[in-house]
Amino acid sequence: QVQLVESGGGLVQAGDSLRLSCAASGLTFVSKAMGWFRQAPGKEREFVSAVGWGTLYADSAKGLFTISRDNAKHMLYLQMNSLKPEDTALYYCATARNPQPLGDRTAYIYWGRGTQVTVSS
């Protein structure tokens with residue numbers, strides 16, 4: 001049974017940093033691309049970043065967020081710097097079908113329950 005458990009969210013001020021973590025189990029972690037998505041209230045879930053045989057970032061994350069993974073520990077991370085109020089959302093970890101990092105949410109087959117990030121101005 002695949003499980004993805006996010007952690008590291010919280011309430012921070014604009015300009016602060018957070019590091020999100022995702023613990024994965026029940027899958028061949030090293031052979032799958034992993035991604036971060038987020039969903040703000042009243043908005044659709046949107047792509048943030050993914051890592052597989054390469055890395056991919058949404059325009060909003062480029063230069064501010066860094067995705068990484070530890071295949072030995074089955075962990076996925078998202079370092080978020082210079083946070084803005086518009087980064088406020090529920091952040092989800094997801095695993096794809098194959099190693100290609102993609103921004104299309106339909107490429108991801110397993111999802112965590114999310115960790116809340118709230119950035120105050």
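**Figure 1. The largest nonpolar core of the predicted model****.** This core comprises 26 residues. Trp36, Phe65, Leu76, Leu78, Met80 and Tyr91 have the most contacts inside it. At least two core residues come from each of strand 3 (18-25), strand 4 (34-39), strand 5 (46-51), strand 7 (65-70), strand 8 (75-80), strand 9 (89-96) and strand 11 (115-120). Strand 3 contributes the most, with 4 residues. In soluble globular proteins, nonpolar side chains tend to be buried together.

**Figure 2. The disulfide between Cys22 and Cys93****.** The structure holds 1 disulfide, in which the sulfur atoms of Cys22 and Cys93 are 2.1 Å apart. Because Cys22 belongs to strand 3 and Cys93 to strand 9, the pair ties together parts that are 71 residues apart in sequence. The torsion about the S-S bond is about -70 degrees, and the disulfide is therefore left-handed. Both Cys22 and Cys93 are buried.

**Figure 3. The largest pocket and its lining****.** The space in this pocket is about 150 Å³. Its lining consists of Arg38, Gln39, Ala40, Lys43, Glu44, Glu46, Pro85, Glu86, Thr88 and Ala89. By class, 5 of the lining residues are charged, 3 are nonpolar and 2 are polar.

Conventions
Residues are numbered from 1 along each chain as its sequence is written. This is a predicted model: local features need pLDDT of at least 70, side-chain atom pairs count only at pLDDT 80 or more; totals for chains, interfaces and linings use all residues. Side-chain values use heavy atoms; hydrogens and water are left out. A nonpolar core is a set of buried Ala, Val, Leu, Ile, Met, Phe, Trp, Tyr and Cys residues joined through side-chain atoms within 4.5 Å. Buried means under 20% relative accessible area, exposed over 50%, partly exposed in between (1.4 Å probe, protein chains only). On a 1 Å grid over the protein atoms alone, a cavity is a set of points where a 1.4 Å probe fits but cannot get out, and a pocket is an open set with protein on both sides within 12 Å along at least five of seven lines; lining residues have an atom within 4 Å of a point. Grid points are joined across faces, edges and corners, and a volume is the space filled by probe spheres set on the points. Ala, Val, Leu, Ile, Met, Phe, Trp, Tyr, Cys and Pro count as nonpolar, Asp, Glu, Lys and Arg as charged, and the others, Gly among them, as polar. A disulfide is a pair of cysteine sulfur atoms within 2.5 Å.
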